[in-house]
Amino acid sequence: MTEKTPDAGSTPVRRRRPTVIAALLLGLGAALLWASGRMTWVTAVSSDGLGIDRVDDLEGGRWAAALTPLALVLLAAVAAVFAVRGFALRLVSVVVAIVAVAAAVPAVRLLTGDPDPETAAGVAALPDRAEVTGIETYPLPAILVIVGAVAVLAAAVTLWRTPREQAGLSSKYDAPAARREAAARRAESDEPLSERGLWDALDAGEDPTDDGGEGDTDTRR
């Protein structure tokens with residue numbers, strides 16, 4: 001009976017899986033923040049004592065003005081998680097976590113308390129003589145932001161826990177020095193080489209079939 005060996009091509013896919021999952025979560029979070037920023041969060045009714053009452057629908061992009069910029073930061077983070085590794089990837093995960101918290105703060109405030117009439121007047125750019133007489137809030141946009149923030153926090157945890165060897169792009173994009181370092185680590189740990197690993201070792205100037213070590217090299221010299 002022929003023993004089945006794992007497909008060498010599946011190894012890079014498994015190694016990039018945490019990065020792909022984190023990128024999908026970041027994309028989901030960015031989409032939810034962007035969508036919420038275009039939905040009505042608060043409706044403010046005001047009166048200036050001169051005419052009919054004024055009604056202002058305040059979208060998330062106005063009530064929580066940072067939503068759209070934060071969504072753009074998350075999109076940039078999607079590209080970054082495929083381009084960096086090691087300490088830089090940890091730094092990206094910290095930034096992503098901060099973005100999640102910053103996005104969730106106005107949503108939590110809206111769901112847990114009554115909006116401030118003065119804040120509503122400022123966001124609606126009411127004249128000084130106008131006074132807010134009524135406020136209606138809409139929870140759905142805030143809930144979307146919280147769901148997006150949770151997804152982004154999950155992405156941050158995934159990135160933080162991603163081993164250095166499993167982060168970033170495929171090893172074929174590494175510099176020669178990085179490939180030599182990876183080949184040296186594999187040699188020290190006696191890790192079996194995949195087809196990709198064999199090519200990386202050859203590209204780095206190493207002989208993956210040489211078991212003689214430095215002693216053989218010194219003998220040849």
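**Figure 1. Confidence along the predicted chain.** The mean pLDDT of this predicted model is 79, and 66% of the residues score at least 70. Within the chain, confidence is highest in helix H6, at a mean of 95, and lowest in helix H9 (residues 213-220), at 47. Residues 1-13 keep a pLDDT under 50, and the model has 1 contact beyond four places in sequence for them. Residues 213-221 also stay under 50, with 3 contacts beyond four places in sequence.

**Figure 2. The largest nonpolar core.** This core has 40 residues, and Leu-26, Leu-33 and Trp-41 are those with the most contacts inside it. At least two residues of the core come from each of helix H1 (10-36), strand E1 (40-47), helix H3 (67-83), helix H4 (87-112), helix H5 (117-123) and helix H6 (139-161). Helix H4 gives the most, with 9 residues.

**Figure 3. Surroundings of Leu-26.** When neighbours within four places in sequence are left aside, Leu-26 is in contact with Leu-74, Ala-77, Val-78 and Val-81, as well as with Val-96, Val-152 and Ala-155. Leu-26 is also one of the residues with the most contacts inside the largest nonpolar core.

**Figure 4. Helix H4, its length and its kink.** The end C-alpha atoms of H4 are 37 Å apart; this agrees with the 38 Å that its 26 residues should span at 1.5 Å a residue. A kink of about 30° lies at Val-105, shortly before the proline Pro-106. The buried residues of H4 are Leu-89, Val-92, Ser-93, Val-96, Val-99, Ala-100, Ala-103, Ala-104, Ala-107 and Leu-110. An α-helix has 3.6 residues a turn, so residues three or four places apart point the same way.

**Figure 5. Ser-46 in strand E1.** Ser-46 has its place in strand E1. Its relative accessibility is 2%, and therefore Ser-46 counts as buried, the cut-off being under 20%. Beyond neighbours within four places in sequence, Ser-46 is in contact with Asp-53, Arg-54 and Asp-56, and also with Leu-126, Glu-131, Val-132 and Thr-133.

**Figure 6. Spans annotated as transmembrane regions.** An unreviewed UniProt entry places the feature "transmembrane region" at residues 63-84, 91-111 and 138-160. In the model, residues 63-84 are 82% helix and 0% strand, with end C-alpha atoms 34 Å apart. Residues 138-160 are 96% helix and 0% strand, and the end C-alpha atoms of this span lie 34 Å apart.

Conventions. Residues are numbered from 1 along each chain as its sequence is written. This is a predicted model: local features need pLDDT of at least 70, side-chain atom pairs count only at pLDDT 80 or more; totals for chains, interfaces and linings use all residues. Side-chain values use heavy atoms; hydrogens and water are left out. A nonpolar core is a set of buried Ala, Val, Leu, Ile, Met, Phe, Trp, Tyr and Cys residues joined through side-chain atoms within 4.5 Å. Buried means under 20% relative accessible area, exposed over 50%, partly exposed in between (1.4 Å probe, protein chains only). Helices (H or I, at least four residues) and strands (E, at least two) are DSSP runs, numbered from the N terminus. Contact means heavy atoms within 4.5 Å. The expected span of a helix is 1.5 Å times one less than its number of residues. The bend at a residue is the angle between axes fitted to the seven residues ending there and the seven starting there. pLDDT is the predictor's confidence in each residue, from 0 to 100. UniProt positions are given in the numbering used here, feature names are shortened, and annotations may be inferred rather than shown by experiment.
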